[in-house]
Every structure is written in C-alpha cells, then in structure tokens.
Amino acid sequence: MAIHKTLRIKPKPNRSPILFFILSILAIAFLCIFSSSISINGSLFRSEKTQAETHESRHSVGHEKYLYWGYKIDCPGKHCDSCEGLGHQESSLRCALEEAMFLQRTLVMPSRMCINPIHNKKGILHHSSNVTSEEMWAANSCAMDSLYDLDLMSNTVPVILDNSKMWYRVLSTGMKLGTRGVAHVAGVSRVALKDNSRYSNLLLINRTASPLSCTSRFMECKDRNNRSAIMLPYSFLPSMAAKKLRDAAQKIKVHLGDYDAMHVRRGDKIKTRKDRFGVYRTLHPHLDRDTRPEFILHRIEKWVPPGRTLFIASNERTSGFFSPLSVRYKLAYSSNYSKILDPLVENNYQLFMIERLILMGAKTLIRTFKEDETDLSLTDDPKKNTKAWQKPVYTSDGEGS
C-alpha cells in the first residue's frame, strides 16, 4: 500500500531590502554601461559606413542623366595612335564639359589622357645638355585623375570616369532600357538635345554615334569665338589640377616670393620647311626672333623692372638659352625645384600643369601669344594657325637673316 507523504514547502527566507537595493543599482549600472557601449560602437559603425557612402557618392553625385563623348579626348581623323598636345586636348575637353553643363548632365570622361611624345621630353624638366632630345618618359598615356581633381571639377560640372562602377551601372541600365534610355546622336545641336523631349528625358546621350568609330573625337567648340557662348573660362581646367600638382606649385610659389613670370613657346612653333624653290618658310615669321633673349629684354623692359625674380616656363631645350636675361633679372625655372618635382612628376603634362599654376600666380604674366586683347605678349604674331607659310624674320628692321 502506497504511503503518500505530505510535501512541506520550506518558506523562502526573507531577503534583505538593502541587498535587493544594491543588486538593483548594480543591474541598472550594468545596463547603462552596456547600452552606452552599444551606442558608441553603433555610432562608430555608422560613421565608417557614412564615410564610405560619402566617398562613393562623391564620385556618383550629380545629374541622373549622362553625356558620353567617347573613350579619347582627341583623335585626329583616322590617326588614333597619335594625339594633339595638352592645350588642344583641353580645348576639346572644355567643350564637352560646357555641353554637359548646358544639358545639365554628368559628363562621362575618358579614364586616360593621351600623351603626345613630342611634348614628353625629359630634357624639358632638367635642362641638361647630356639628356638626348630623343629621351622621353616611358608613357603614351596617363590616368585622368593624375592630372585633374575630379571632385573639385564636379563642384562645377559633375563628372565620372569611363572605368568607374557608376559608368558600368549606367551602361547596364541603358542596355535594359534600349532606345527608351539611350540615344546615339550625331549632328544634333546642344539646344535640340536640351529642348527636344526625344532626347532630354533619356538616361544617356552618346555623342560618338558609333563608340567603336575612330573618327569620333572631342573637338573645339565651333562657336568659341562667340564670347557670350562660353560657359567655362580658359582658366577653368588649369585651376582644376590634381591636388598633388596644386600643392607642388604652391610650395614653389612660396620659394619664389614676389615674382613675375613668362611663358616662352618655341620648340615646335618655330619649325620651318623649304618651299619648292628651297626657301625656308614658317607659320610664325617673327616668333623665333621675338623669343630670343636680346629681343625679350627689349620687349619686357617696360613691364618688368630690373632686379625682379622672373620665372620662365618654356619648351626650349637648349641649355642656358635664356641666361642673357640674368643681366637684368633673377631667373628661375622649374628645374631649380627638382627636389619638389622629381618625386611626383611622371610626364611633361604634369610638369606643364604645375608651371601653369606658377604662371597664374605671378604679379606680371607675359605670354608668348596674346590670348586676349589685354594680355602682354612676346610676339605680335597670331597664335591661330593661318596656314600661310612665310619667310622668317630675324632682324628688328623686318628683314630676313
């Protein structure tokens, strides 16, 4: 027979109110510390995420519609293995930027800039007689962002590169949309692209008409002489130089102090050729004469007082060519600052961009040719190629050699 025992429940001991109070305080303190830790870690995580998103958005922010001009800035006709100099390429790039600005679209820029070998001689930087004229930097192109600060540029005209993730996303979306999202246009004015709803609402306007066509190229704006049509000044791209180039130029300007500057274009501009009678002719008949030291001294004496520091940027490769100017001025060249330039300059385009910034910072700037009516220039020959080959003039009375 089973015996059922009555289970006695032991009464719980009374807990001390003081102990309960202490445990409560400790629990609250632990929760506060734990929640504080979560908040701090969470904010750090959010901060890191925000920084990453900001960095990504910096390259994607802009208009939600895009303009594509091709994978090269300048491609002269069918000779796509060559390119023009930096100045010509910048004229084309500025035209594309202006169109993107007018259409309120993000410009898809080539990720690389073609380097013309004629303008990429190492001797231009070092002014050394033991550097052969054929020695060059080993490069036929350079990264676009090694020349320009794209973030700074995007503050005025939003840009992305054609090797960016954003561009691949645009292409992917465009392929899905087909003709509803992309238009391949040629011979259509920018006004029509903006006002015609057939184009204005599209995701992407492809200016090349055929992306694989070598004849597609950036070009100088045809209405460039119409000053009212210019949206970006000539100084825009020079001022958009990559930060490391701007920093280098600033260091050199600090070393120079109060200075004047002169850009002397010789090299390719003074080339001559024989006509069918064996007479030498040139496109700029007075340029060789006007850019020689004895003529420079006479030309600039009314603009630059004696004793001034004169910074000279030139493509003249003859060592000591401008030394006669030292009788009146303290001469300075980029080659004087090789400790600043050698670690970062990889090609002559970068060097020229640094020199341009130095020229822009001068108290008095003298150009080779006049860009505007108010410019000071070494020669009165027009910069624009007149295609008229003339006999070069080497004397002050206008006679030949």
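Select tyrosine 349 to begin; tyrosine 349 lies in helix H13. This is a predicted model, in which local features need pLDDT of at least 70, side-chain atom pairs count only at pLDDT 80 or more, and totals for chains, interfaces and linings use all residues. Residues are numbered from 1 along each chain as its sequence is written, and side-chain values use heavy atoms, with hydrogens and water left out. Helices (H or I, at least four residues) and strands (E, at least two) are DSSP runs, numbered from the N terminus.

**Stop 1: Tyr349.** Is tyrosine 349 buried or exposed? At 2% relative accessibility, tyrosine 349 counts as buried. Buried means under 20% relative accessible area, exposed over 50%, and partly exposed in between (1.4 Å probe, protein chains only). Glycine 85 and tyrosine 349 are 264 residues apart in sequence, and their C-alpha atoms are 8.8 Å apart in space.

**Stop 2: H2 against H13.** Select residues 86-103 for H2 and 348-360 for H13. The two helices pack at an angle of about 75 degrees, with axes 11 Å apart. That makes H2 roughly perpendicular to H13, a label for angles of 65 to 115 degrees (under 35 is roughly parallel, over 145 roughly antiparallel, the rest oblique). Axes are lines fitted to C-alpha atoms, for helices over the stretch in contact, and angles run from 0 to 180 degrees between N-to-C directions.

Show the side chains next. Leu86, Gln89 and Glu90 in H2 meet Tyr349, Phe352, Met353 and Arg356 in H13. Contact means heavy atoms within 4.5 Å. By class, the contact of H2 with H13 has four nonpolar, one polar and two charged residues. Here Ala, Val, Leu, Ile, Met, Phe, Trp, Tyr, Cys and Pro count as nonpolar, Asp, Glu, Lys and Arg as charged, and the others, Gly among them, as polar.

**Stop 3: the end of H2.** Go to glutamine 104, in the loop between H2 and E2. Glutamine 104 has a positive phi of about 55 degrees although it is not a glycine.

Stop 4: Colour the five strands of the open sheet E5-E2-E1-E7-E6; the pairing is parallel. Two strands pair if DSSP finds at least two bridges between them. E5 (159-161) and E6 (182-184) stand at the edges with a single partner strand each, so one side of each is left without a neighbour in the sheet. The twist averages 20 degrees from one strand to the next.

Zoom in on E2 (residues 106-109), joined to E5 by three bridges. Methionine 109 stands opposite leucine 161 in E5. H2 packs on this sheet, touching E1 (66-68), E2 and E5, and its direction makes about 150 degrees with that of E2.

**Stop 5: the cores.** Which residues have the most contacts inside the largest nonpolar core? They are Leu97, Leu107, Tyr148 and Ile354, in a core of 59 residues. A nonpolar core is a set of buried Ala, Val, Leu, Ile, Met, Phe, Trp, Tyr and Cys residues joined through side-chain atoms within 4.5 Å. Centre on leucine 97. Beyond its neighbours within four places in sequence, leucine 97 is in contact with Leu107, Met153, Val157, Val159, Leu232, Phe236 and Leu237. A second, separate core of 15 residues includes Ile312, Leu325, Tyr329 and Tyr333.

**Stop 6: the other sheet.** Select E12-E11-E8-E13-E14, five strands in an open sheet with parallel pairing. The edge strands are E12 (330-332) and E14 (376-377). Two bridges join E8 (residues 259-264) to E13 (residues 365-367). Methionine 262 stands opposite isoleucine 366 in E13.

**Zoom out.** The chain has 13 helices and 14 strands. Buried residues make up 40% of its 401 residues.
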